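These notebook entries record what I looked up in the structure shown below.

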Amino acid sequence: MNNTLREKYLKMALVAFGVIFCLVYPIGLVWPSGWLWHGGQGSYYLQMICGIYVTLGIFLIRAASNPAEHASLISFTVWSSIVHGLIMAVQAVGDAHETGHLIGDVPALLMVAGVLWYLSPKPEAVTA
């Protein structure tokens with residue numbers, strides 16, 4: 001894939017994932033077993049996680065205007081999504097009440113990480 005096409009798809013992915021991150025709360029209302037931990041109990045937790053993801057979503061949408069300028073934010077999104085997704089996967093496997101996350105937010109976060117990693121600009125090869 002050439003760099004122009006890669007950047008075009010990266011911009012589209014940043015906006016799409018940004019919008020989805022801003023919609024974590026309503027997605028959780030529609031599909032609680034795959035998106036809300038502990039059956040949605042504990043409003044403080046839900047408010048906190050939604051606040052974090054809405055903020056990240058807004059910044060991802062803003063980063064779409066110039067992804068190269070926001071490489072560290074994109075990298076943070078990739079790595080934090082991997083870490084968050086893997087921790088949730090381990091917890092979901094260990095708790096029979098949370099297995100719905102294995103087909104909900106766990107694969108969603110790993111997909112976000114994979115897509116953004118694949119579309120991120122690659123450093124130019126250094127020739128000696």
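**Entry 1. Helix 4.** I began with helix 4, residues 43-63, in this predicted model. Helices (H or I, at least four residues) and strands (E, at least two) are DSSP runs, numbered from the N terminus. Helix 4 has 21 residues and reaches 30 Å from its first C-alpha to its last, close to the 30 Å expected at 1.5 Å a residue. The expected span is 1.5 Å times one less than the number of residues.

I noted the conventions before going further. Residues are numbered from 1 along each chain as its sequence is written, and side-chain values use heavy atoms, with hydrogens and water left out. As this is a predicted model, local features need pLDDT of at least 70 and side-chain atom pairs count only at pLDDT 80 or more, while totals for chains, interfaces and linings use all residues.

Entry 2. Which residues of helix 4 are buried? I list Leu-46, Ile-49, Cys-50, Tyr-53, Leu-56, Gly-57, Leu-60 and Ala-63. They cover an arc of only 145° around the axis, which puts them on the same side of helix 4. The arc is that of the directions from the helix axis to the C-beta atoms. Buried means under 20% relative accessible area, exposed over 50%, and partly exposed in between (1.4 Å probe, protein chains only). An α-helix has 3.6 residues a turn, so residues three or four places apart point the same way. On the face turned away from the buried side I found the exposed residues Tyr-44, Gln-47 and Arg-62.

I then looked up what the buried residues of helix 4 pack against: helix 1 (3-22), helix 2 (24-30), helix 5 (71-94) and helix 6 (105-119). Contact means heavy atoms within 4.5 Å.

**Entry 3. The nonpolar core.** A nonpolar core is a set of buried Ala, Val, Leu, Ile, Met, Phe, Trp, Tyr and Cys residues joined through side-chain atoms within 4.5 Å. The largest one has 28 residues, and those with the most contacts inside it are Leu-10, Leu-14, Phe-21, Tyr-53, Leu-56, Leu-60 and Leu-116. Helix 1, helix 4, helix 5 and helix 6 are the elements that give two or more residues to this core. Its largest share, seven residues, comes from helix 4.

For Tyr-53 I set aside neighbours within four places in sequence; Tyr-53 is then in contact with Phe-21, Cys-22, Val-24, His-84 and Leu-109.

**Entry 4. Helix 5 and Thr-77.** At 1.5 Å a residue, the 24 residues of helix 5 should span 34 Å; its end C-alpha atoms are 35 Å apart, which agrees. In helix 5 I recorded Leu-73, Ile-74, Thr-77, Val-78, Ser-81, Gly-85, Met-88, Ala-89 and Ala-92 as buried. The buried residues of helix 5 pack against helix 1, helix 4 and helix 6.

How is Thr-77 placed, buried or exposed? Thr-77 is buried, with a relative accessible area of 0%. Neighbours within four places in sequence aside, Thr-77 is in contact with Phe-21, Leu-56, Leu-60, Val-112 and Leu-116.

**Entry 5. The largest pocket.** I asked next what volume the largest pocket has. It is about 230 Å³. On a 1 Å grid over the protein atoms alone, a pocket is an open set of points where a 1.4 Å probe fits, with protein on both sides within 12 Å along at least five of seven lines; lining residues have an atom within 4 Å of a point. Grid points are joined across faces, edges and corners, and the volume is the space filled by probe spheres set on the points.

The largest pocket is lined by 17 residues, of which Val-24, Trp-35, Tyr-53, Asp-105 and Leu-109 lie nearest its centre. Helix 1, helix 4, helix 5 and helix 6 each give two or more residues to the lining, and the largest share, five residues, comes from helix 6.

Entry 6. Trp-35 is found in helix 3 (residues 32-35) and is buried, with a relative accessible area of 19%. Not counting residues up to four places away in sequence, Trp-35 touches Ile-27, Gly-28, His-101, Gly-104, Asp-105 and Ala-108.

Leu-110, in helix 6, is partly exposed, with a relative accessible area of 33%.

**Entry 7. The whole chain.** Of its 128 residues, 34% count as buried.
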